[in-house]
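Hi everyone, thanks for coming. Let me put the structure up and walk you through it.

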Amino acid sequence: MIEQKHQKLVSILQEMKKVVVAFSGGVDSTFLLKVAVDTLGVDNVLAVTADSETYPTSELEEAKQLAEHIGARHQVIETSELAIPGYTENDKNRCYFCKNSLFDHLVPIMKEKGFQNIVYGVIADDMSEYRPGMRAAKEQGVRGPLQEADLYKEEIRDLSKEMDLPTWDKPSFACLSSRIAYGETITKAKLTKVDKSEAFLKTIGLRQVRVRTHEDIARIEVEPQDMQKLLANHQRVTEKLQSYGYKFVTMDLVGYKSGSMNRALS
C-alpha cells in the first residue's frame, strides 16, 4: 500500500513537470522535495524557504543543509508575517493570512523562473484538522501532492527512512505563532520568548516540545514519556522561562498534541 502511494506521488509530480516547492525543512516538505528532485531532475525543481519572524534561525540553517544534502536548488526569501494585515490580531484565520502571503511571494518566482506549479507539504493527516491555510492554497492554485497521494505522517517517516533522509524522525514543527493563544496579539517579543524557551527545553533532552503561551502563562506540552524528565528539571525550567518573561510555568497533563490551540475554537 505504501509503495503504491509513493508511486502515485511520483505520477502526480511527473504530470506537473516543473515545480516550486514551499520548503520549510520539516519532515513533509523535505520528503516532498527529495521525491520531486528524484522524479523531475534538479533543473526542474526549486525549493524556496521563507525566512521570517516566526521561523527560528536554527530551522533556516537546517533547511539550507537539507537542500544541499538532497542536491536541490534552493532560494531563501525574506518575508514578514507581522506585516500582513490581519495576522497579528491572531484570530482563527491567522494561518490563512500567512499561507496566502507566502503564495503571493512564490507565484512571481514561479513565473520568473518558468515553472508551472507550486507545491507544499500538506498531508492526509491535515484533512481532519483545522487548517485554514489550505483555503489559501486552493484559491491560488497551489497543490499538495502528498495529500493527493493520501500519504500520512507515519508513512512519510517510513519512506524518508528508506531514503536515508535525516528528517525521518525529526520532531514535528509549526511556526512560532501557533504557540500563542487565539485572540492574543502576536508580537516579535512574544515569538522570541517562545523560541528561546523551546530552545532551552531541548537542551535538557526534550525533543517534541511546545511552549503554548496564554498571556504570561507558559503551558508546556511534551510527550507523556518525557513528563518525568520535565518534572525532574522543574526548578531550572521555571527559573529560565521566568527569566524570559513568563510569570507562571505549567505542564499540560494531556501532553503534546499538534494544533492543540484549536481546541479553543470548538
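So, how many bridges join strand 2 to strand 3? Six bridges do, and strand 2, residues 45–51, runs parallel to strand 3. Before I go on: this is a predicted model, so local features need pLDDT of at least 70 and side-chain atom pairs pLDDT 80 or more, while totals for chains, interfaces and linings use all residues. Residues are numbered from 1 along each chain as its sequence is written, and side-chain values use heavy atoms, leaving out hydrogens and water.

Strands here are DSSP E runs of at least two residues, helices are H or I runs of at least four, both numbered from the N terminus, and two strands pair if DSSP finds at least two bridges between them. The open sheet has four strands in the order 3-2-1-4, with parallel pairing. Strand 3 (73–78) and strand 4 (117–119) each have a single partner strand, so one side of each lacks a neighbour in the sheet.

Now the salt bridges (a Lys or Arg side-chain nitrogen within 4 Å of an Asp or Glu carboxyl oxygen): the count is 17. In one of them, D150 meets K5 at 3.6 Å, N to O. D150 sits in the loop between helix 6 and helix 7 and K5 in helix 1, so the pair ties together parts 145 residues apart in sequence.

Another joins K153 and D28, with the closest N and O atoms 2.7 Å apart. K153 is in helix 7 and D28 in helix 2, 125 residues apart. Thanks, everyone!
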